[in-house]
Amino acid sequence: MSDFTTLLDDHVPEILSRHGVPGAAVGILAGGETTLLGYGSTNTAHNLPVDPDTIFQVGSISKTLLGFIIGRLVDRGQVELDGPVAPLFPGAGIDERITLRHLITHTSGIDAQNMIADAPNLLADHADDSVQASLVHFVRRPLLFAPGTDYSYSGPGIMVAAAVVERVTGRHYTDVLQDEVLDPAGMSGTFTSADQVVTRRVAAPHGRDAEGRPTLLIDQGWQRHWQLPGWDVPGGGVLSTARDLMRYASHVTSPAAPSGLFRIQAHRGSAGRDIGLAWMLEDRAGSPTMSHDGLTIGYASRLVLIPSRELAYTVLTNSLDGWGVAEDIEQLILTEAFGETPARAVSPVSPELADALDGTYDCGFYGTITLVRGRFDGEMRVIANQAPAGPNQYVIALDSPDRLVLSPPDTLVALGPDGSPLGDAASFVREPDGTVSALRYHDRIARRVS
């Protein structure tokens, strides 16, 4: 059996320091044995060590719990994936073509990024933040594309899916979550509100200052204070631990899981990438993998299942800049479990492709990004054109990787200072005539504007 504890003890403290991240919790389920580890600090202002029961916001890993619930309702015949959802909300204005499958696979065409940009206004004066209340703020907005014809990651689409769960069951989403997922999986340390975790060890949210040092993020998100709005619970507001996510990993890969959870339900618009009931499906280390990342203000997380290799793992961090930590720890785990795996195939961006990519793309309320040739031959770089925030609005900062190469056939990968691949930056949509019409930037469609 692999000695993950010694391996991670030897490397994770340096990884945290290098990335300017205060703390991380790691869970690994390998060959039926569970390893749970904590590193660093929960809070730079009030230091406590991170342990396997430290609570983190897990962000969009929350969507997989909604996928589990929907799978359970499908198996019971309470909902149909391909049934239109509009009849459940008469007069609401939901497009009649949208189905539950579209919503849970991000193929509905619902964009509605205003739900983040306008959240400070929408949530002012203790406004109703329930799942049902969210719908009035976006369902009548134009769709990005006809339902089922494309893919673009959509938090508001997930809100509608959760609203369907509430209408079908006649119950509040958090109660359904408790009965259908948390209790059966034994997830006794997983919650949905600040009130529930106030007596427990909680990792505080952090970013980095201009010198790269960890700094607390207080009231700097779109939500009120720390807790995400009720309408964000299905898509990003679950609070959990490394221990509980390993219990969850065991549960969702057992006979107790819904039958269609990991079945391909739609394609994600990029070669080799599909989606099940909210789970992202692709290969890691040459094996079929189910995964989801999470990002909220001050947290970055990852959960990966590789059932064919009897492996699952999670990395939870208390920093917006925790992606690098998750990537580095993941590579340690995969190398220890499987041995050295072939490096990801990357190649220079050809002059012809560089010409096709060169241009500006609309990222909605974030602003735009411009792709241009990089400083080195065969590379591209991103120029972020940040949208200004309006009165009492919140705008997420666009990142701007400056070294991008090609991972064939359609993905741009960011490189680190040493030239090693860091991870996907964007995929692109190429038309039959060779032109590039759009990017998928952070999995959201960004149409070319020039």
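Let's start with helix H11, residues 242–252, where eight of the 11 residues are buried. Here, buried means under 20% relative accessible area, with a 1.4 Å probe and protein chains only. The buried residues are Ala242, Asp244, Leu245, Met246, Tyr248, Ala249, His251 and Val252. Helices (H or I, at least four residues) and strands (E, at least two) are DSSP runs, numbered from the N terminus.

Keep in mind that this is a predicted model, where local features need pLDDT of at least 70 and side-chain atom pairs count only at pLDDT 80 or more, while totals for chains, interfaces and linings use all residues. Residues are numbered from 1 along each chain as its sequence is written, and side-chain values use heavy atoms, with hydrogens and water left out.

Axes are lines fitted to C-alpha atoms, for helices over the stretch in contact, and angles run from 0 to 180 degrees between N-to-C directions.

| Pair | Angle | Axes |
|---|---|---|
| H2 (residues 62–75) and H7 (residues 155–169) | about 40° | 11 Å apart |
| H2 and H8 (residues 173–185) | roughly 80° | within 10 Å |

The angle with H7 makes H2 oblique to that helix, oblique being what is left after roughly parallel (under 35 degrees), roughly antiparallel (over 145) and roughly perpendicular (65 to 115). On the H2 side, Lys63, Leu66, Ile69, Ile70 and Leu73 make the contact, meeting Ile158, Ala161, Ala162, Val165 and Thr169 of H7. Contact here means heavy atoms within 4.5 Å. Eight of these residues are nonpolar, one is polar and one is charged. With H8, the angle is therefore roughly perpendicular for H2. Leu65, Leu66, Phe68, Ile69 and Arg72 of H2 touch Tyr173, Val176, Leu177, Glu180, Val181 and Leu182 of H8.

On to the strands. Strand E11, residues 299–306, has eight of its eight residues buried. In a regular strand, side chains alternate between the two faces of the sheet. On one side of E11 sit Tyr299, Ser301, Leu303 and Leu305, and on the other Ala300, Arg302, Val304 and Ile306, all buried.

What does E11 pair with? Strand E10 (residues 287–296) pairs with E11 in the antiparallel sense over seven bridges, and E11 also pairs with strand E12 (residues 311–317) in the antiparallel sense over seven bridges. Two strands count as paired if DSSP finds at least two bridges between them. Ala300 stands opposite Leu295 and also opposite Thr317 in E12. The E10 and E11 hairpin has two residues between its strands, and Gly298 in the turn has a positive phi of about 105°.

Methods
Buried means under 20% relative accessible area, exposed over 50%, partly exposed in between (1.4 Å probe, protein chains only). Ala, Val, Leu, Ile, Met, Phe, Trp, Tyr, Cys and Pro count as nonpolar, Asp, Glu, Lys and Arg as charged, and the others, Gly among them, as polar.
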